[in-house]
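Dear colleague,

Please find below the structure for your records.

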Amino acid sequence: MTELKRYVLRLFMSLKYITANVLDRNNGRIVATASTVEHSIKNSLQCGSRTCNAKAAAPVGEVLAMRLKVEGLESGQQRGIHVDVNKELEKKDFKNRTKVWSLIHSLKNNGVKLILDEDNDASQSG
């Protein structure tokens, strides 16, 4: 029996920006988001004009965690927020691996209950 994955973390990374969204899969809406595009985050970072590194991912995770807490969703309504780590790492370039883990650790350190879905074989067979 597969577990319902209501809340899912999605990451988007380019050379200049990092964006993290938590989606509610029941209605397809974004319930919380944070990005280095936002002035409040962007101004606190020491990103170069061309790149943002893993140090920029941590504040994005912190802001996302705060926004989830405001919405009362830091525990994903007791079920947790799912992150398919392998999928996120596959779709990102190898250079972004540290950014992905930095953001995930930042969320966990700020009290967000994450469920790391690292086993794709079980989900593909059912």
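This is a predicted model: local features need pLDDT of at least 70, side-chain atom pairs count only at pLDDT 80 or more; totals for chains, interfaces and linings use all residues.

Leaving out neighbours within four places in sequence, Ser102 is in contact (heavy atoms within 4.5 Å) with Ala54, Ala57 and Ala58. Ser102 belongs to helix 4; helices (H or I, at least four residues) and strands (E, at least two) are DSSP runs, numbered from the N terminus. With a relative accessible area of 18%, Ser102 is buried, where buried means under 20% relative accessible area, exposed over 50% and partly exposed in between (1.4 Å probe, protein chains only).

Residues are numbered from 1 along each chain as its sequence is written, and side-chain values use heavy atoms, with hydrogens and water left out.

The sheet is open and has five strands in the order 3-2-1-4-5, with mixed pairing; two strands pair if DSSP finds at least two bridges between them. Strand 3 and strand 5 (114-116) are the edge strands, each pairing on one side only. Strand 2 and strand 3 run antiparallel and are joined by six bridges. They form a hairpin with four residues between them, and Gly28 in the turn has a positive phi of about 75 degrees. Thr19 has Ser35 of strand 3 as its bridge partner, and Asp24 stands opposite Arg29 in strand 3.

Helix 2 (residues 54-71) has 18 residues and should span 26 Å at 1.5 Å a residue, which agrees with its end C-alpha atoms being 26 Å apart; the expected span is 1.5 Å times one less than the number of residues. Buried residues of helix 2 include Val60, Val63, Leu64 and Leu68. Its buried residues pack against elements including strand 1 (7-13), helix 1 (39-42) and helix 4 (97-109). Just after helix 2, Gly72 takes a positive phi of about 75 degrees.

The largest nonpolar core has 30 residues, and Leu9, Ile18, Leu64, Leu68, Ile81, Leu103 and Leu107 have the most contacts inside it. Such a core is a set of buried Ala, Val, Leu, Ile, Met, Phe, Trp, Tyr and Cys residues joined through side-chain atoms within 4.5 Å. Helix 2 gives the most to this core, with seven residues.

Yours sincerely
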